[in-house]
Amino acid sequence: MDTFQEFDQPLGPEKSSGGIIAHAFEIYKGIFLYAIVAVLISTAVSFLVQPISGFNSADFMEEMNGADGDIPNIWAIPGFAFYSGLSGLVSLILTPLYVGIIFIANKYNLQESISFSDLFIGFKQNFLNIILYSLVAGILLSIAIAMCVIPVFFVLPFLLLGYPILLFENATVSQALSKSFSIAKDNYGTFLGAAVLGFLISIAGVFLCGIGLIFTMLFYVVVMYSAYCAFCGRPRPIILK
């Protein structure tokens, strides 16, 4: 792991769930426009994928409306299976956009100037490990969802520091998973509180006619950064090679 050093003094939020959320909220207020751009880019690409797959959302809605209380066989809808796979692949490839929000959060926290290109740093800094980590995390969360959803909340804390570690420490997938798990295990209550609160705030936009998700969706990513600052120290600026 290179291109990284921590400050000696403990800078960042308190090591508490409330302190992390408050710190994340203050930063998010300053960078939420970049978060909106990241969500819009991801959404636009997702819409472009739909006609390529042959999937028609109108067919999907017709199938749902005609179910009459029964569970519809959505996999029988033409193009849905291919669309799901292709959409998942595209979402995976776009994950570095969200890592870019962490980088922008750090620059805002350090009171450095921010440029639009900062949003794409994840495509230049440790790209492959970010993608692989996203895949591993997705598999773990999918298994948790299959176990009646609730276990997701108990898995999230162990993944909370993964992306910041990958970005700021230029770590490998195994190093990011190991360090994130180790810190979360020793501070599980704090991480559980921060992860659950951050997640609930992130999905709160669904109550604003759904479109509110554009404004709140990436708050959880900033919570990751604030948790990293609290337990690993505020990182110095990244030096790209």
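Colleague: What volume does the largest pocket have?
Modeller: In this predicted model, the largest pocket comes out at a volume of about 1,200 Å³.

Colleague: And how many residues line the largest pocket, and which lie nearest its centre?
Modeller: The lining is made up of 31 residues, and those that lie nearest the centre of the pocket are Y98, L141, Y163, F199 and M217. The elements that contribute two or more residues to this lining are α1 (17-53), α3 (80-93), α4 (95-109), α5 (127-146), α6 (151-159), α9 (188-203) and α11 (219-232).

Colleague: Which element gives the most to that lining?
Modeller: That is α5, which gives seven residues to the lining of the largest pocket.

Colleague: How do the lining residues divide into nonpolar, polar and charged?
Modeller: Of the residues that line the largest pocket, 21 are nonpolar and ten are polar, while no charged residue is found among them.

Colleague: Let's switch to the rings: how many aromatic pairs does the structure hold?
Modeller: There are eleven aromatic pairs in the structure. One of them joins F120 and F123, whose ring centres are 6.3 Å apart and whose planes stand at 40°, so this pair counts as tilted.

Colleague: What about F123 and F127, then: stacked or tilted?
Modeller: The pair of F123 and F127 is stacked, because the planes of the two rings are at 25°, which falls under the 30 degrees used as the limit for stacking. The centres of these two rings lie 5.9 Å apart.

Colleague: Which aromatic cluster do F120, F123 and F127 belong to?
Modeller: They form one aromatic cluster together with F116.

Colleague: What span should α11 have, and how far apart are its end C-alpha atoms?
Modeller: With 14 residues, at 1.5 Å a residue, α11 should span 20 Å, and its end C-alpha atoms are 20 Å apart, which agrees.

Colleague: Which residue follows α11?
Modeller: After α11 comes G233, and the phi of G233 is positive, near 90°.

Notes. Residues numbered from 1 in each chain as written. Predicted model: local features only at pLDDT ≥ 70, side-chain atom pairs only at ≥ 80, totals over all residues. Heavy atoms only, no water. 1 Å grid on protein atoms, 1.4 Å probe; cavity = no way out; pocket = protein on both sides within 12 Å on 5 of 7 lines; lining within 4 Å. Points joined across faces, edges and corners; volume = space filled by probe spheres on them. Helix = DSSP H or I, 4+ residues; strand = E, 2+ residues; numbered from the N terminus. Nonpolar A, V, L, I, M, F, W, Y, C, P; charged D, E, K, R; others polar. Phe/Tyr/Trp six-rings, centres within 6.5 Å; stacked < 30°, edge-to-face > 60°. Expected span 1.5 Å × (residues − 1).
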